[in-house]
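Please keep the sequence and the structure open while you read.

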Amino acid sequence: MIRVLHVLSDTNIGGAGRLLLNQLKHFDRDQFLIKVVLPKGSLLKPEVESLGYEVIETAHGADKSLDFKAIPEFMRIFKAERPNIVHAHSSLSARIAARLQRVKARVFTKHCVEGSGRLHGVLGNSLSTHVIATDYASKEALASSGIKPKKITVIINGVDPLRELSDSEKLAARKEFGIAENDFVFGITGRLEPIKGQKYFIDAAKIVCDKYDDCKFLIVGTGGDEEVLKQQANELCIADKVIFTGFVSDITDVTNIMDVIVNCSDSETSCLALSEAFSVGKPAIATNGGGNPYMVTDGENGLIVPIRDSRATAAAMEKIMQDKDLYNRMSEMAIKYYQEKFTAEVMTKQLEYIYQGVREREN
């Protein structure tokens, strides 16, 4: 049996944590003995334990990639657990500790496009025996930083399918958010920070609202820009059209009541919100930043627009609203894309294959 330690520094449940939870549901437990190392107080702990996995808590390294106090702590854990593979998610401290403790197989997942400079390449080659990129843009950035291409494998983020609500459930969910049965709903999901581009989503909403009355715009999530974005909607006189949901622990309802999922990010890897929306047949409008063009094929399962271009985003919204046949075709393709490329099971099988190969090469 292959012993694997996953190490995350997150105290909240972000993209890396959600990704790991999706993987943990599908690992072959007859082949892999997996434990998860988390900082004390992490919201991921009960979620991981509910899936039947052991959690090892650390006193240091919370929400930090590099914490020098965490390195000896990780080394003690690795010495006691004797893992065949340490899989670090953004934790530089864990990678340093694994190298110092002479763990032969050290896997690192790059969860974002940014931060792939020359130092990143030097560290990647030295500390990691294998690097996983979650989209092809990240792979290119990693290779450009100097990481050996043979070390890099792309595994697109996968998710379990959302439950599709019944018509009556959708009506009830719409009513909860003040959305009429015939309103066309665009939704954007993610932390409310500048890089996610909600500002351009609201600007596009204003353009569309000046022409159409029967539409609503859902903004799902929380973050530092929440009050700024609410003020923007107020100043544009569309506060009654833009609905801020706040933090949503289960995105099943909000995704089901969207007609279209929108991604306005400057830079994105393989977006979990897109995959989840595809699973229930929601086409996408997404920027051409990062990994979006590898998930959305323009005119097939959605439309691609330039980053920071509210007018292009609004034009795409209008196009989908006006062309029901186009919408239906893209909805069907969204489900097909999900089933072929973006399931959690497909993702986890690819990761298991990496583990087996890494272990064989290191023996």
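1. Where does lysine 104 lie? Lysine 104 is in the loop between α4 and β5 (105–110). Helices here are DSSP runs of H or I with at least four residues, strands are runs of E with at least two, and both are numbered from the N terminus. Lysine 104 counts as exposed because its relative accessibility is 53%. The cut-offs are these: buried is under 20% relative accessible area, exposed is over 50%, and partly exposed is in between (1.4 Å probe, protein chains only).

2. A word on the model. It is predicted, so local features need pLDDT of at least 70 and side-chain atom pairs count only at pLDDT 80 or more, while totals for chains, interfaces and linings use all residues. Residues are numbered from 1 along each chain as its sequence is written, and side-chain values use heavy atoms, with hydrogens and water left out.

3. Look next at glutamate 276. This residue sits in helix α11 (residues 272–279). Glutamate 276 is buried, because its relative accessible area is 11%. Its side chain makes a polar contact with the side chain of arginine 18, at 2.4 Å. A polar contact is a pair of N or O atoms within 3.5 Å; within protein, one must be able to donate a hydrogen and the other to accept it, and residues adjacent in sequence count only if both atoms are side-chain atoms. Beyond its neighbours within four places in sequence, glutamate 276 is in contact (heavy atoms within 4.5 Å) with Arg18, Val159, Leu162, Ile251 and Thr255.

4. Helix α11 also meets helix α14 (residues 324–341). Their axes come within 7 Å and cross at roughly 115°. Axes are lines fitted to C-alpha atoms, for helices over the stretch in contact, and angles run from 0 to 180 degrees between N-to-C directions. From α11, the contact uses Ser275, Phe278 and Ser279; from α14, it uses Ala334, Ile335 and Tyr338.

5. Helix α13 (residues 310–322) passes a length check. Aspartate 309 caps the N-terminal end of α13, with a side-chain oxygen 3.3 Å from the backbone nitrogen of arginine 311. Buried residues of α13 include Ala314, Met317 and Ile320.

6. Lysine 35 belongs to strand β2 (residues 32–39). Is lysine 35 buried or exposed? Lysine 35 counts as buried, because its relative accessibility is 17%. Apart from neighbours within four places in sequence, its contacts include Glu54 and Glu81.

7. Two loop residues other than glycine deserve a look at phi. Aspartate 63, between β3 (54–58) and α3 (70–81), has a positive phi near 60°. Serine 90, between β4 (85–89) and α4 (92–100), has a positive phi near 75°. Aspartate 63 is partly exposed, with a relative accessible area of 48%. Serine 90 is also partly exposed, at 33%.

8. Last, phenylalanine 177 is in the loop between α7 (167–176) and β8 (184–189). Phenylalanine 244 is 67 residues away in sequence, yet 9.2 Å away in space, C-alpha to C-alpha.
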